[in-house]
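Student: Could you walk me through reading a few structural features, one at a time? I would like the general idea and then the case here.

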Amino acid sequence: MLRSLLCIPRAYTANILGVNSPNLQQSRNTFILKRRWPPGLHKKNEPPRALRPRNYVYDFVEDTEVRKKKDIEVVLTTFVEGLGHKGDVVSVKSRYAHNMLLLPGLAVYKTEKNLEKYKRDSDQPEAEKHSSPFAQRTINMIEGKILPIVMNKDEPWVIEKWHIRASLRKAGYYATDESITIPETPIKGPDLSLENKEFNVTIKINGMETATLRCRIHHWSTDPVGKLPYLPEYWKLPSDPIFS
């Protein structure tokens with residue numbers, strides 16, 4: 001069986017096919033071929049017989065470049081956003097592990113020695129603790145967003161927590177009233193002097209981390225005559241804060 005299999009480097013195969021390039025280098029990726037008609041065994045104490053032309057006919061077996069590589073397990077040496085805390089064992093793709101974790105020093109290979117060395121410490125400083133691997137990513141998404149708060153142009157209103165919650169839900173975020181902190185000074189309307197002006201609210205994530213959300217007031221009316229003109233990409237326009 002061993003004599004009927006052949007592994008050919010991809011670069012050598014490309015040269016055979018007439019693909020010539022000065023930058024073409026041999027790689028570890030290979031084609032695995034199998035002889036269609038394997039040669040017979042040689043007799044003892046006799047010279048080997050020459051191969052016949054049909055012994056050089058091969059069938060394709062596998063291209064190792066498209067072979068699915070197994071995930072590898074690594075131990076995190078620090079908190080990594082979206083993966084875990086220090087000492088956590090995560091399974092990731094080999095290329096991602098080498099380029100994004102092992103080379104920057106954010107993780108090491110899983111061994112008994114490394115598991116003991118980087119075991120998760122419950123007494124680590126509070127600043128290094130995170131409620132979940134995705135908490136920091138959620139904070140970045142919230143703090144990088146400008147949330148429109150659409151209010152009625154014809155009826156009186158006061159900004160409340162449920163206005164923020166409803167606007168967040170429209171943007172694809174879910175928050176409870178208990179996790180939202182609005183400014184202590186009431187924001188009342190309708191008031192066109194507040195149009196496109198900003199105020200900040202605080203969002204509590206998992207009862208631990210906090211994120212500051214920028215909000216802009218927009219007046220809306222169902223009356224076609226009193227409706228304000230639509231401003232495309234309003235978040236790119238300069239805005240003044242409601243509170244100094």
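Student: In which helix is the place of Ser-94?

Tutor: Helices are DSSP runs of H or I with at least four residues, strands are runs of E with at least two, and both are numbered from the N terminus. Ser-94 sits in helix H2 (residues 94-102). This is a predicted model, where local features need pLDDT of at least 70, side-chain atom pairs count only at pLDDT 80 or more, and totals for chains, interfaces and linings use all residues. Residues are numbered from 1 along each chain as its sequence is written, and side-chain values use heavy atoms, with hydrogens and water left out.

Student: Is Ser-94 buried or exposed?

Tutor: Buried means under 20% relative accessible area, exposed over 50%, and partly exposed in between (1.4 Å probe, protein chains only). Ser-94 counts as buried because its relative accessibility is 17%. Contact means heavy atoms within 4.5 Å. Not counting residues up to four places away in sequence, Ser-94 touches Lys-69, Lys-70 and Ile-72.

Student: Which residues of helix H4 are buried?

Tutor: In H4 (residues 135-143) they are Ala-135, Ile-139 and Ile-142. They lie on the same side of H4, because they cover an arc of only 70° around the axis, taken from the directions from the helix axis to the C-beta atoms. These buried residues pack against strand E11 (198-205) and strand E12 (209-220).
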